[in-house]
Amino acid sequence: MQKNKTIGSMLIVAGTTIGAGMLALPIASAGLGFTTALLLILATWLLMTYTALLMLELHQYASKEATLNTLAKRILGKKGQYVANFSMVFLFYALCAAYIAGGGAQLQEKLSALTNMEIAPQAGSVLLALLVATIVTLGTSTVDKLNRVLFAIKIVVLASLFFVLTPYVRGQHLLDMPVEQGLIISALPVIFTSFGFHGSIPSIVKYVGLDIRTLRKVMIVGASLPLVIYIGWQLLSQGVMAQSALLNSEGLPGFVASISNIAHSPQVSTFVTLFADLALATSFLGVSLGLFDFFADAFKKRNTVSERVITALITFLPPLGFALFYPQGFIMALGYAAIALVVLAIFLPVTMVWQQRKTHQTEGNNQSADGYQVVGGNVGLICAGLCGVLIISAQCLQMLGVIPAL
């Protein structure tokens, strides 16, 4: 049973990480060349895996039901709790609104084509939100089972894409160098947000239990699956097209049309569309599960049917409302996604671990020495914090128009 939960949790981490944003990676890194993009992806994976392990160091001294709300309040006090709660709710509501709007539009198109009826665009969004809300309300075990099926199909679709496109990969395309150095900074926020799964960590701790050795394996393997897939995807996308052609692609539709023409296969477009749908579904499930458990902890909701329904309403109604009535609001909020994720996945874990270690040392408590502690000591914490500052700086420079936005 425990082994089953471990595998399922790895796939929840991977499924949450590999969202539809993965398809934007080739466009975002087009001007970098394969080697530079690869180094940035590896560095980001290392950073995000490290901060995920920092979260485990924090969780070992709390109850297994603890979320970021509880951890921040216990270690950083009320002010830290407010910062944690704001960054969590801001980021996850924006993401859920984006998934409901984007996924709802795709669902509405498919239902209209299937039924030969004109279905209102809002109907797809409401249906998708209701479907995901029902699955999440049923619990992590239900999310786990559905996520396994969706993830398996996603891997089959990716394997099919690799099979079709691999013969068209050209080695000389992979040797291209960055067009200009500023593009390296520009690509940072996009690549960084492609490795975001930290909001679902408390849900996984609650599901698996406080077995740090197992949880450590879940985080490392779960984060490594997207790494392998991203590298393979970069190899294909940047190997099939010349750098100049990639740079001239008019966004994702232009990129998909180009690789379909190169491979002489209209199936490529079908595979990419199907992958995007599946990636959106698995990422939406992981994000909303993390938000659901966060609200259950914040509002002290019990695990009864009626209270889980109330938690589901708090989780899904606001983003559904944004997606339906104020789409500009969540689109604007997504512009700040990298900043909110830096706070959530870097600054908060680093600050809380720093404070927790200091508290244990001050009290002369050997708990830290006896328990799990991430390698790197305080130097590792400082380096992670500086990386967070660099990513936020890159996002701000893009907003100010100093460097190009991707």
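Guide: Please begin at a side chain: a polar atom of Ser 288 lies 3.3 Å from the backbone oxygen of Leu 285. This is a predicted model, in which local features need pLDDT of at least 70 and side-chain atom pairs count only at pLDDT 80 or more, while totals for chains, interfaces and linings use all residues. Residues are numbered from 1 along each chain as its sequence is written, and side-chain values use heavy atoms, with hydrogens and water left out.

Visitor: What makes the pair of Ser 288 and Leu 285 a polar contact?

Guide: A polar contact is a pair of N or O atoms within 3.5 Å; within protein, one must be able to donate a hydrogen and the other to accept it, and residues adjacent in sequence count only if both atoms are side-chain atoms. The distance to the backbone oxygen of Leu 285 is 3.3 Å, which is within 3.5 Å, so the pair meets the distance limit. The side chain of Ser 288 also has a polar atom 2.6 Å from the backbone oxygen of Phe 284.

Visitor: Why is Ser 288 called buried?

Guide: Buried means under 20% relative accessible area, exposed means over 50%, and partly exposed lies in between, with a 1.4 Å probe and protein chains only. Ser 288 has 0% relative accessibility and therefore counts as buried. Ser 288 belongs to helix 12, residues 267-298.

Visitor: Which residues does Ser 288 touch, leaving aside those up to four places away in sequence?

Guide: They are Cys 96, Val 132, Val 136, Thr 315 and Phe 316. Contact here means heavy atoms within 4.5 Å.

Visitor: What makes a stretch such as helix 12 a numbered helix?

Guide: Helices are DSSP runs of H or I with at least four residues, strands are runs of E with at least two, and both are numbered from the N terminus. The chain has 17 helices and 0 strands. Its radius of gyration, taken over C-alpha atoms, is 21 Å, close to the 22 Å that the globule rule gives for 406 residues, so the chain is as compact as a globular protein of that length. That rule is 2.2 Å times the number of residues to the power 0.38.

Visitor: What share of the chain is buried?

Guide: Buried residues make up 54% of the 406 residues.

Visitor: Why is Ser 87 called buried?

Guide: The relative accessible area of Ser 87 is 5%, and therefore Ser 87 falls in the buried class. Ser 87 lies in helix 4, residues 68-115, and a polar atom of its side chain is 3.0 Å from the backbone oxygen of Ala 84.

Visitor: Where is Leu 348, and is it buried or exposed?

Guide: Leu 348 is in helix 15, residues 337-362, and with a relative accessible area of 5% it is buried. Among the residues that Leu 348 touches are Leu 68, Leu 76, Gly 80 and Ser 87.

Visitor: How do you know that Gln 81 and Asn 69 are joined by a polar contact?

Guide: Their side chains come to 2.7 Å, a polar contact. Gln 81 is in helix 4 and, at 9% relative accessibility, is buried. Gln 81 also touches Ala 72 and Lys 73.

Visitor: Why is His 264 called exposed?

Guide: His 264 has 67% relative accessibility and therefore counts as exposed. The residue sits in the loop between helix 11 (251-263) and helix 12, and its phi is near 50°, a positive value in a residue other than glycine. Lys 300, in the loop between helix 12 and helix 13 (305-325), is likewise not a glycine and has a positive phi of about 55°. Lys 300 is exposed, with a relative accessible area of 59%.

Visitor: Is Gly 196, a loop residue, buried or exposed?

Guide: At 18% relative accessibility, Gly 196 counts as buried. Gly 196 lies between helix 7 (182-193) and helix 8 (201-208) and touches Thr 16, Thr 17, Met 48 and Leu 341.
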